[in-house]
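Open the model in your viewer and keep the selection tool ready. We will go stop by stop.

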Amino acid sequence: MVLEILEYPDKRLFERSVEVDKFDTELGEFLDNMYDTMIFKGGIGLAAIQVGRPIRALIINLVNENKIQDKGDLLEIINPKFIKKDGEQLYQEGCLSVPGYYEDVKRAANVTLEYQDRFGASHTLEADGLLAVALQHENDHLDGHLFIERIGFNKRKKFDKEYKKKSKQKPL
(Lines give C-alpha, C1' and ligand atoms only; values in the text may rest on other atoms or scores of the structure.)
Protein backbone atom coordinates (compact mmCIF):
# COMPACT_ATOMS: atom_id res chain seq x y z
CA MET A 1 0.00 0.00 0.00
CA VAL A 2 1.31 3.44 -0.93
CA LEU A 3 1.36 5.83 2.04
CA GLU A 4 1.20 9.62 2.06
CA ILE A 5 4.60 11.31 2.28
CA LEU A 6 4.85 14.30 4.61
CA GLU A 7 6.33 17.36 2.93
CA TYR A 8 8.25 20.33 4.27
CA PRO A 9 7.28 22.37 6.31
CA ASP A 10 5.16 19.71 8.12
CA LYS A 11 6.18 19.95 11.79
CA ARG A 12 6.16 16.16 12.22
CA LEU A 13 9.29 15.96 10.04
CA PHE A 14 11.19 17.72 12.84
CA GLU A 15 10.24 15.19 15.56
CA ARG A 16 12.86 12.82 16.92
CA SER A 17 11.73 9.24 16.29
CA VAL A 18 11.56 6.64 19.08
CA GLU A 19 13.29 3.25 19.23
CA VAL A 20 11.42 0.23 17.90
CA ASP A 21 10.88 -2.37 20.62
CA LYS A 22 8.23 -4.57 18.99
CA PHE A 23 9.34 -6.70 16.04
CA ASP A 24 6.07 -8.19 14.82
CA THR A 25 3.98 -8.68 11.68
CA GLU A 26 2.63 -5.12 11.98
CA LEU A 27 6.19 -3.78 11.69
CA GLY A 28 6.83 -6.06 8.72
CA GLU A 29 3.67 -4.86 6.96
CA PHE A 30 4.62 -1.25 7.65
CA LEU A 31 8.10 -1.80 6.15
CA ASP A 32 6.46 -3.39 3.09
CA ASN A 33 4.20 -0.33 2.74
CA MET A 34 7.23 1.96 3.10
CA TYR A 35 8.90 0.06 0.26
CA ASP A 36 5.81 0.36 -1.98
CA THR A 37 5.69 4.09 -1.22
CA MET A 38 9.40 4.67 -1.92
CA ILE A 39 9.25 2.82 -5.25
CA PHE A 40 6.01 4.54 -6.29
CA LYS A 41 7.55 7.96 -5.55
CA GLY A 42 10.85 7.13 -7.30
CA GLY A 43 13.05 7.31 -4.20
CA ILE A 44 16.08 5.33 -3.07
CA GLY A 45 15.45 5.76 0.66
CA LEU A 46 12.63 6.50 3.08
CA ALA A 47 12.42 7.03 6.83
CA ALA A 48 9.32 6.03 8.80
CA ILE A 49 8.72 9.62 9.97
CA GLN A 50 8.34 10.69 6.33
CA VAL A 51 5.10 8.69 6.23
CA GLY A 52 3.98 9.99 9.63
CA ARG A 53 5.26 7.26 11.94
CA PRO A 54 7.93 8.50 14.39
CA ILE A 55 9.83 5.22 14.85
CA ARG A 56 13.54 4.61 14.20
CA ALA A 57 13.09 2.67 10.97
CA LEU A 58 14.39 3.41 7.49
CA ILE A 59 14.76 1.63 4.19
CA ILE A 60 17.28 2.07 1.37
CA ASN A 61 17.23 0.44 -2.07
CA LEU A 62 19.94 1.74 -4.39
CA VAL A 63 20.02 1.15 -8.12
CA ASN A 64 22.52 -1.62 -8.97
CA GLU A 65 25.22 -1.71 -11.67
CA ASN A 66 22.56 -2.85 -14.19
CA LYS A 67 20.53 0.33 -13.44
CA ILE A 68 17.87 -1.78 -11.71
CA GLN A 69 16.40 -1.13 -8.25
CA ASP A 70 16.33 -4.78 -7.21
CA LYS A 71 14.23 -5.53 -4.11
CA GLY A 72 16.83 -8.20 -3.27
CA ASP A 73 19.21 -5.33 -2.44
CA LEU A 74 16.72 -3.66 -0.07
CA LEU A 75 18.12 -2.64 3.32
CA GLU A 76 15.62 -2.45 6.18
CA ILE A 77 17.32 -0.69 9.06
CA ILE A 78 15.75 -0.49 12.50
CA ASN A 79 17.26 1.42 15.45
CA PRO A 80 20.43 2.50 13.59
CA LYS A 81 23.49 3.65 15.53
CA PHE A 82 26.56 5.02 13.80
CA ILE A 83 29.68 3.63 15.45
CA LYS A 84 32.13 5.21 13.02
CA LYS A 85 32.12 8.10 10.56
CA ASP A 86 35.21 9.35 8.78
CA GLY A 87 36.36 11.13 5.68
CA GLU A 88 34.32 13.65 3.76
CA GLN A 89 32.34 13.66 0.53
CA LEU A 90 30.08 16.07 -1.28
CA TYR A 91 26.97 14.61 -2.87
CA GLN A 92 23.94 16.19 -4.51
CA GLU A 93 20.92 15.19 -2.46
CA GLY A 94 17.19 15.42 -2.92
CA CYS A 95 14.35 14.30 -0.69
CA LEU A 96 10.83 12.97 -1.15
CA SER A 97 9.76 15.35 1.65
CA VAL A 98 11.33 18.36 -0.14
CA PRO A 99 10.22 17.59 -3.72
CA GLY A 100 11.97 19.24 -6.64
CA TYR A 101 14.93 20.63 -4.69
CA TYR A 102 18.49 19.30 -4.97
CA GLU A 103 21.67 20.59 -3.39
CA ASP A 104 25.22 19.49 -2.57
CA VAL A 105 25.60 18.28 1.02
CA LYS A 106 28.84 17.44 2.84
CA ARG A 107 28.73 14.10 4.66
CA ALA A 108 31.10 11.47 6.02
CA ALA A 109 32.66 9.36 3.25
CA ASN A 110 32.82 6.12 5.26
CA VAL A 111 30.41 4.93 7.92
CA THR A 112 29.89 1.90 10.11
CA LEU A 113 26.41 1.29 11.42
CA GLU A 114 24.86 -1.13 13.90
CA TYR A 115 21.17 -1.85 13.42
CA GLN A 116 18.41 -4.44 13.69
CA ASP A 117 16.38 -6.02 10.91
CA ARG A 118 12.59 -6.50 10.81
CA PHE A 119 12.93 -9.57 13.06
CA GLY A 120 15.11 -7.84 15.68
CA ALA A 121 18.39 -9.54 14.69
CA SER A 122 21.48 -7.33 15.06
CA HIS A 123 23.76 -6.45 12.13
CA THR A 124 26.77 -4.26 11.35
CA LEU A 125 27.11 -2.49 8.02
CA GLU A 126 30.11 -0.67 6.57
CA ALA A 127 29.35 1.74 3.73
CA ASP A 128 30.89 4.38 1.50
CA GLY A 129 29.78 6.40 -1.53
CA LEU A 130 26.06 6.81 -2.17
CA LEU A 131 25.08 4.20 0.42
CA ALA A 132 26.95 6.12 3.14
CA VAL A 133 25.18 9.32 2.02
CA ALA A 134 21.75 7.64 1.99
CA LEU A 135 22.26 6.14 5.45
CA GLN A 136 23.21 9.53 6.91
CA HIS A 137 20.39 11.32 5.06
CA GLU A 138 17.69 8.89 6.25
CA ASN A 139 19.10 8.77 9.78
CA ASP A 140 18.88 12.57 9.90
CA HIS A 141 15.12 12.16 9.36
CA LEU A 142 14.97 9.90 12.44
CA ASP A 143 16.67 12.68 14.43
CA GLY A 144 14.18 15.28 13.15
CA HIS A 145 16.39 16.94 10.52
CA LEU A 146 16.13 17.58 6.78
CA PHE A 147 19.04 17.88 4.32
CA ILE A 148 18.18 21.56 3.75
CA GLU A 149 19.50 22.20 7.26
CA ARG A 150 22.97 21.12 6.09
CA ILE A 151 23.35 23.28 2.97
CA GLY A 152 24.84 26.46 4.41
CA PHE A 153 23.31 29.85 5.20
CA ASN A 154 23.26 31.40 1.71
CA LYS A 155 21.89 28.31 -0.03
CA ARG A 156 19.27 27.95 2.70
CA LYS A 157 18.17 31.57 2.22
CA LYS A 158 17.86 30.89 -1.51
CA PHE A 159 15.84 27.70 -0.80
CA ASP A 160 13.49 29.55 1.58
CA LYS A 161 12.93 32.27 -1.02
CA GLU A 162 12.21 29.72 -3.79
CA TYR A 163 9.96 27.70 -1.48
CA LYS A 164 7.90 30.77 -0.51
CA LYS A 165 7.56 31.74 -4.16
CA LYS A 166 6.45 28.22 -5.13
CA SER A 167 3.98 28.07 -2.21
CA LYS A 168 2.29 31.29 -3.37
CA GLN A 169 1.86 29.81 -6.84
CA LYS A 170 0.12 26.65 -5.62
CA PRO A 171 -3.67 26.72 -6.06
CA LEU A 172 -5.68 26.47 -2.85
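Is Lys67 buried or exposed? Select Lys67: this residue is exposed, with a relative accessible area of 72%. Buried means under 20% relative accessible area, exposed means over 50%, and partly exposed lies in between, using a 1.4 Å probe and protein chains only.

A word on the source. This is a predicted model, where local features need pLDDT of at least 70, side-chain atom pairs count only at pLDDT 80 or more, and totals for chains, interfaces and linings use all residues. Residues are numbered from 1 along each chain as its sequence is written, and side-chain values use heavy atoms, with hydrogens and water left out.

**Stop 1: the whole chain**

Colour by secondary structure. The protein chain has three helices and seven strands. Along the sequence they follow the pattern α-β-β-β-β-β-β-β-α-α. Helices (H or I, at least four residues) and strands (E, at least two) are DSSP runs, numbered from the N terminus.

Zoom out. The C-alpha atoms fill a box of roughly 45 × 40 × 35 Å, taken along the principal axes. A compact globule of 172 residues would have a radius of gyration near 16 Å, and the protein chain agrees, with 16 Å. That radius is taken over C-alpha atoms, and the globule rule is 2.2 Å times the number of residues to the power 0.38.

Of the 172 residues, 45% count as buried.

Next, contacts (heavy atoms within 4.5 Å). Among those with a separation of 6 or more, 64% join residues 24 or more positions apart.

**Stop 2**

Most residues other than glycine have a negative phi, and most peptide bonds are trans. Select Tyr8 and Pro9: the peptide bond between them is cis, with omega near 10°. Pro9 sits in the segment before helix H1 (25–41).

Return to Lys67. Its phi is positive, about 65°, although Lys67 is not a glycine. Look for Lys67 in the loop between strand E2 (57–60) and strand E3 (75–86).

Then pick Asn79, in strand E3. Asn79 is not a glycine either, yet has a positive phi of about 50°. Asn79 is buried, with a relative accessible area of 4%.

**Stop 2: the largest pocket**

A pocket is an open set of points on a 1 Å grid over the protein atoms alone, where a 1.4 Å probe fits, with protein on both sides within 12 Å along at least five of seven lines; lining residues have an atom within 4 Å of a point.

Select Gly43, Ile44, Glu93, Gly94 and Cys95. Of the 20 lining residues, these lie nearest the centre of the largest pocket. Its volume is about 390 Å³. Show strand E4 (89–95), strand E5 (98–107) and helix H2 (129–142): each supplies at least two lining residues.

**Stop 3: the second largest pocket**

The second largest pocket has a volume of about 210 Å³. Select Val98, Pro99, Phe159, Tyr163 and Lys166, the closest to its centre among 13 lining residues. E5 and helix H3 (153–169) are the elements that give two or more residues to this lining. H3 gives the most, with five.

Technical notes
Points joined across faces, edges and corners; volume = space filled by probe spheres on them.
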